[in-house]
Structures are given as C-alpha cells and as structure tokens.
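Let us take a friendly walk through a protein model together. Have a look at it first, and then read on.

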Amino acid sequence: MFISQEFEKYTPQDHQMWQRLYHRQMEVLHNRAASGFMDGLQALQMGPEGIPHYGQLSDRLEQVTGWRLQGVTGIVPNDVFFRLLARRQFPVTTWIRQPAQMDYLMEPDLFHDVFGHVPLLADTAYASFLEALGQLALPYMDNPLAIELLSRIYWFSVEFGLIAEDNALRIYGAGILSSPGESVFCLSPQVPRFYFNLQELFHTPYINHRMQDRYFVIESYDELYACTTRLPGLLDKELKLAQGFAHELLSYGLVIPRELLPRPVAADRE
Ligand SMILES: [Fe+2]
C-alpha cells in the first residue's frame, strides 16, 4: 500500500502529461482558484516543468507546515487515511494518467493528488484543520457511521469546498481544482451553494463519479480549523440520535442499514 515514488522511472511522456494538465488547469483556474492555492503553488515551487519529486516537495512543505507526502498505490482505506492525516502525512499516488484518460479517471492519479491537494497544505490553518480531522477520526475507526459523517466533512471541504474571498467565490477543493469541467460548473449561477454548516454536512451524502449537486462555502481556513473544536460534540450527538432511531426501527421489526445497527457494548464483545 505504501510505496516510494521511483522518480527516475517516469518517461518524457509522463512529464509531458503533467505539463499539459498543468497548463490546461491553470488557464481555467485564473480568477477561479483560491488565493491560498495559488500562493501554495508558488511557495512550494510547483511549476509546469514536470512531475514533482516527492522527496524534494516534502522537504519544502515540511519547512512550511510540517506536512510530508506519503506515496501510496491507490485509494487507501479510511482508517489508514485518517491515521496518515493525524501524523501530518498526505497520501499521494505515484501514477499519472495516459492521454486517453485526459478528462475522466475512475481513480485519482498523481495530478489530482499533488496538483489538487498539496498547495493548500502550505496554509497553516488549512494544514491544522486536516490534521485535526485525522485526530478526531482515530477513536471511531470501528464505527462506520462516524467515519461516514467525518468523510462528508472532508468531502465538502478538502475535495469540493468553495471559499468567499473579497466578495467573490473561489475554489479550494482539490476535486474541483484538478477538473476543468467542475471548475467552471461549480461557480456557474444555477448551482446551489450554501454556507459551511457541520449539521447540514452530516446530512448531505456525497456524490462520486459525477459533479456535485451542491457546494459549501467557507469564509476562511481559520473557520475550518475552528469547527474542529465543535465537531466532536456534534458528532457524538448525531451518533446518539442515529442509534436511538435504529433502536426504534428494530423494535418495530424493521430492517435497518448495517451502519446504523447499535454497536455492541464492550462486555458483549468478550
Ligand atoms: Fe482527493
């Protein structure tokens, strides 16, 4: 699951693919991307020249916020993912798409993981938010509902978040920043957008493999980090409500989703 980058194995075509994707995306992101993202690209010297060397990029990032990149073979399980975040390590895959996959991928490649995610890791408040989210998830590794709810927070911020900057909406979510189509779509007038609200997010399932049907807007990365102090209490309340609901359904003999099943108490497990 964890791998090193093997930088020397990239072909000239691989580096050209990075250049092509980088130029295409930067054209779309003009006046659309958050300033923190643009600042991060510059601070970490992430240019169009070719695929970044993870060791060198990690060294630069570590000096700014203490984060490092961890090479992975692909999407990692939730528990591994949140444990990495809690240690200020961000998982990035090491493969880059082929020309036939320019516009659609079943799984993220390194352009999404590195171009989309890494620049904002240079922002202090954003980086602290991500670590705090990882720390918060650690006690819930055997609770699929809690992990689902925390994943929704991650999804609508880190992957598909928008930020209000100087009276304009800007993109900071990596899932959007690495997609030319969604970069335009998410800011178009017909798309519903809401203020970032933890309870609302808990009740919004995320959408994979197509564009989101709503987006959530923050006013600063400090706001994101600040929400992690309220998050444990709200999560606990949400879990208790779900379990109470599950007990009620069970009492009527109804079938309920597995993730809502009441968890056994410790004594039952022994
Ligand atoms: Fe991502």
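Predicted model: local features only at pLDDT ≥ 70, side-chain atom pairs only at ≥ 80, totals over all residues.

Residues are numbered from 1 along each chain as its sequence is written.

**The whole chain**

The protein chain has 12 helices and six strands; helices (H or I, at least four residues) and strands (E, at least two) are DSSP runs, numbered from the N terminus. Its radius of gyration is 20 Å, close to the 18 Å that the globule rule gives for 270 residues, so the chain is as compact as a globular protein of that length. That radius is taken over C-alpha atoms, and the rule is 2.2 Å times the number of residues to the power 0.38. Buried residues make up 34% of the 270 residues. A residue is buried if 20 or more other C-beta atoms lie within 10 Å of its own, exposed if 12 or fewer, and partly exposed in between, with C-beta atoms placed from the backbone.

**Strands that pair**

Two strands pair if DSSP finds at least two bridges between them. Here are two such pairs:

| Strands | Sense | Bridges | Opposite residues |
|---|---|---|---|
| β1 (residues 68-72) and β2 | parallel | five bridges | Arg68 and Gln89 |

Four strands form an open sheet with mixed pairing, in the order β4-β3-β6-β5. Because β4 (168-171) and β5 (193-195) stand at the edges with a single partner strand each, one side of each is left without a neighbour in the sheet.

Elsewhere, four of the five residues of β2 are buried, so β2 is largely enclosed by the rest of the structure.

**A covered helix**

Is helix α5 (residues 110-117) mostly covered or mostly open? It is mostly covered, as eight of its eight residues are buried. Among them are Leu110, Phe111 and Val114. The buried residues of α5 pack against α1 (12-29), β2 (89-93) and α8 (174-177).

**The core**

The largest nonpolar core has 64 residues, of which Val118, Leu121, Leu133 and Ile171 touch the most other members. Helix α7 (residues 144-159) gives the most to this core, with nine residues. Such a core is a set of buried Ala, Val, Leu, Ile, Met, Phe, Trp, Tyr and Cys residues joined through C-beta atoms within 7 Å.

Conventions. Contact = placed C-beta atoms within 7 Å.
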